[in-house]
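Hi,

Here's the structure I said I'd pass on.

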Amino acid sequence: MKPVSTISKTKSDAILNAAMQLFLRRGYTLTTMDEVARLAAVTKQTVYAHHHSKEQLFISMLGALCNRDMPTQKQLDNPDTPFSTLLERIGLVVLNIITSPEGLGATRLVISESAHHPQLAELYYTRGTKQLVQLMADFIASHAKRRAIVVKNSESAASYFLAMLKGQYYVRMMLRVKPVPTKKQKEAHVREVVCMFMHLYGPKNPITTNSVL
């Protein structure tokens, strides 16, 4: 017999996967907790035991999407790897997440539903975008302490990095304008962004902005 914790995690993963499929395919309004339960092959009571409302389930789905494939804290804090190399790794991961079908679908979903459900836009920002900026800010701040870069405001530096990272590829893919960038194009784009970031914040030529976004 499987341990209770294993069974619970299996069901939780199934619920989140089902929710992601339904939210992105049918939208927030038309998705019901009954449909999530059926697709996840669990009872409706089990869905509510893990997520007490559809809004809370949507939040959990966003969290799962944003955290998927992200490097571990140990990998990000590795003192034996140059900062620019670590930044390339996390940059490519983030770019792949936000330009994935699920990432783009979630953004389109929130935009389309925001007029009728403005709370979704706020949730998307606070639980998605804002948390991603904070993750990057913490990463940048930790390496600034080691003198790998010179940053006065890690949050604004993180925001600038993410803005450069999106570049033309994100807008083009959001609008479904082809061609879709290849893996090599994405990797080259990330390297260029890291190069620009290091030119701005590297120890030899730092920019110490006070802006707060």
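Which residues of helix 10 are buried? Keep in mind that this is a predicted model. The buried set is Lys-186, His-189, Val-190, Val-193, Val-194, Phe-197 and Tyr-201. Looking down the axis of helix 10, these residues fall within an arc of 135°, so they line one face of the helix. Over on the other side, Lys-184, Glu-192, Cys-195 and His-199 are exposed. The cover on the buried residues includes helix 6 (83–98), helix 8 (118–144) and helix 9 (154–174).

As for the helix itself, helix 10 runs over residues 183–201, 19 residues in total. From first C-alpha to last it reaches 27 Å, close to the 27 Å expected at 1.5 Å a residue.

Lys-186 is buried but has no salt bridge, and the nearest side chain of opposite charge, Glu-187, is 10.0 Å away. What Lys-186 does have is a polar contact of 3.1 Å, side chain to side chain, with Thr-99. Leaving out residues up to four places away in sequence, Lys-186 touches Leu-92, Leu-95, Asn-96, Thr-99 and Pro-181.

Elsewhere, I also looked at Ala-106, in helix 7 (residues 101–113). Ala-106 counts as buried because its relative accessibility is 1%. Beyond its neighbours within four places in sequence, Ala-106 is in contact with Leu-24, Leu-62, Leu-65 and Tyr-124. Its C-alpha is 9.5 Å from that of Met-61, which is 45 residues apart from Ala-106 along the chain.

Cheers

Technical notes:
Residues numbered from 1 in each chain as written. Predicted model: local features only at pLDDT ≥ 70, side-chain atom pairs only at ≥ 80, totals over all residues. Heavy atoms only, no water. Helix = DSSP H or I, 4+ residues; strand = E, 2+ residues; numbered from the N terminus. Expected span 1.5 Å × (residues − 1). Buried < 20%, exposed > 50% of the residue type's maximum accessible area, 1.4 Å probe, protein only. Arc of directions from axis to C-beta. Contact = heavy atoms within 4.5 Å. Lys, Arg positive; Asp, Glu negative; His and termini not counted. Salt bridge = Lys/Arg side-chain N within 4 Å of Asp/Glu carboxyl O. Polar contact = N/O pair within 3.5 Å; in protein donor to acceptor, adjacent residues only side chain to side chain.
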